[in-house]
Each structure stands twice: as C-alpha cells, then as structure tokens.
Amino acid sequence: MNFDLTNFKKISDEKQKAVINAGFLCFGQNGYKKASVADIASVAGISKASLFQYFGNKQNMYLFLYDFAGKEVVGKITEGTDDFFECAEMYVKSLAEVSKDYPNWFDFLVLQSQRKDFSDIDGILEVADELCEFNASTIYDKVDWSKFKDGFDKTTILNIFSWITTGCITQYSSEMEPDKIFAEMLKYLELLKITMYKN
C-alpha cells in the first residue's frame, strides 16, 4: 500500500477502532461495490469528509482493512515453533481473538474467504500476496518441514491449511457462531497431524 495514513493515525485509538469496525461491517455485509462511504461514516459516527481525509477513497480503505486484519492476526502470535500444527493452531486462535477485539471483522472474513470482490479492486491481489508472504515468513519461519511424510511439501501443506480455514468459514458462517467455526478448524488440524506426520 502506498497511500498516506497520517491523518487516520492522528485520531484516538478508540475512534480508529470505531472506523475499522464500521468498515468491516459495511464491506462484510454489503460487499465492495454496494458498500458506501456514507454508510461506513454513519456507522463509525464520523462525517463522510473525515473518512475521505483518512483514506482518500473507498478502495484505499478496503486495502487498509485487508492488510490490517492479516497483520493484526499475526501480531497476536508471539513466536512460531518448529511444529507446523502448533503454529497453525496459534493462527486459528489468533483469528478468534481478533474476532473478539473487532466484532464486525468476522463478516469481512467471510467475504475474504469467498474472494468475491477481488476482481473489482485494483491492487488487492498484490496486497494479498504480500500479506500471505508476510504471514508465512512470520508464523512458519521455524517450522521443521521434515516432520511430514514424503509427498507433503511446504506449498501443499500451506494450501491444505488455507482450504480448511476458508472452507470452514464459507460453509459454516451461516449456521455456526464464530467460536464454533474456529473450533471446527482445530478439529481438522488434529486429524491432519495424524495423517500427515511421520510416525
């Protein structure tokens, strides 16, 4: 991201949190195209002009929220270990923590798992790729990949984990509370560990 967030960072932490939660809610419930700056500003309790002053435009705000959410999750993980499944479990638990800190984030997370908006937003794939690389290098930097059975390389393992998380969110978001969805992810991770690790 190459836009200036100076004005946004000048406001209080409480007001920043209100703006972020408003963005998560409006984008999550309405999608990128239908979410309006006026609605986000109204939910945040600020003027539309203030929102433009903070982010410049709607696209910049969306990119900020996407990047913020990913880094907020990683920021709650103190340090990775050499065990992939311990790291993956920490990641899932941090998803749950962020959902508690930012209650409206889960709506946004559901939207991201489906990736319906990506084709409408310039620069989103670049931010997504950078974030994935950042997450992988931060969380899984110490993982001992030799613990896995032959045939399970790093890329395959990370893809499977991604499919589990996005699949659980997409499939269960309409019928389960977030905590139960995160618990479901952990259940599948336990099964994977039995299947994929060497004896």
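Me: Start at Gly45. What phi does Gly45 take, and where is Gly45?

Reply: Gly45 takes a positive phi of about 75°. Helices here are DSSP runs of H or I, at least four residues, numbered from the N terminus. The model is predicted, so local features need pLDDT of at least 70 and side-chain atom pairs count only at pLDDT 80 or more, while totals for chains, interfaces and linings use all residues. Residues are numbered from 1 along each chain as its sequence is written, and side-chain values use heavy atoms, with hydrogens and water left out.

Me: Which residues of helix H3 are buried?

Reply: In H3 (residues 37-44) they are Val37, Ile40, Ala41 and Ala44. Buried means under 20% relative accessible area, exposed over 50%, partly exposed in between (1.4 Å probe, protein chains only).

Me: What puts these residues on the same side of H3?

Reply: They cover an arc of only 95° around the axis, so they lie on the same side of H3. The arc is taken from the directions from the helix axis to the C-beta atoms. An α-helix has 3.6 residues a turn, so residues three or four places apart point the same way.

Me: Which helices do the buried residues of H3 pack against?

Reply: Helix H2 (13-34), helix H4 (48-55) and helix H5 (58-75).

Me: Gly28 is found in helix H2. Why does Gly28 count as buried?

Reply: Its relative accessibility is 18%, so Gly28 counts as buried. Gly28 touches Gly23, Asp107, Phe108 and Leu111, leaving aside residues up to four places away in sequence. Contact means heavy atoms within 4.5 Å. Gly28 and Leu111 are 83 residues apart in sequence, yet 5.7 Å apart in space, C-alpha to C-alpha.

Me: How many aromatic pairs are there?

Reply: The count comes to 24. Rings of Phe, Tyr and Trp (its six-membered ring) pair if their centres lie within 6.5 Å; planes under 30 degrees apart count as stacked, over 60 as edge-to-face and the rest as tilted.

Me: What makes Phe85 and Tyr197 an edge-to-face pair?

Reply: The centres are 5.1 Å apart, with 80° between the planes. Phe85 is in helix H6 (residues 84-101), and Tyr197 is in the segment after helix H10 (178-196), 112 residues apart. Phe85 counts as buried because its relative accessibility is 5%. Tyr197, at 9%, counts as buried.

Me: How do you know that the charged end of Lys17 sits over the ring of Tyr102?

Reply: The charged end is 5.3 Å from the ring centre. The rule asks for NZ of Lys or CZ of Arg within 6 Å of the ring centre and within 35 degrees of the ring normal. Lys17 is counted as sitting over Tyr102.

Note on methods
Helix = DSSP H or I, 4+ residues; strand = E, 2+ residues; numbered from the N terminus.
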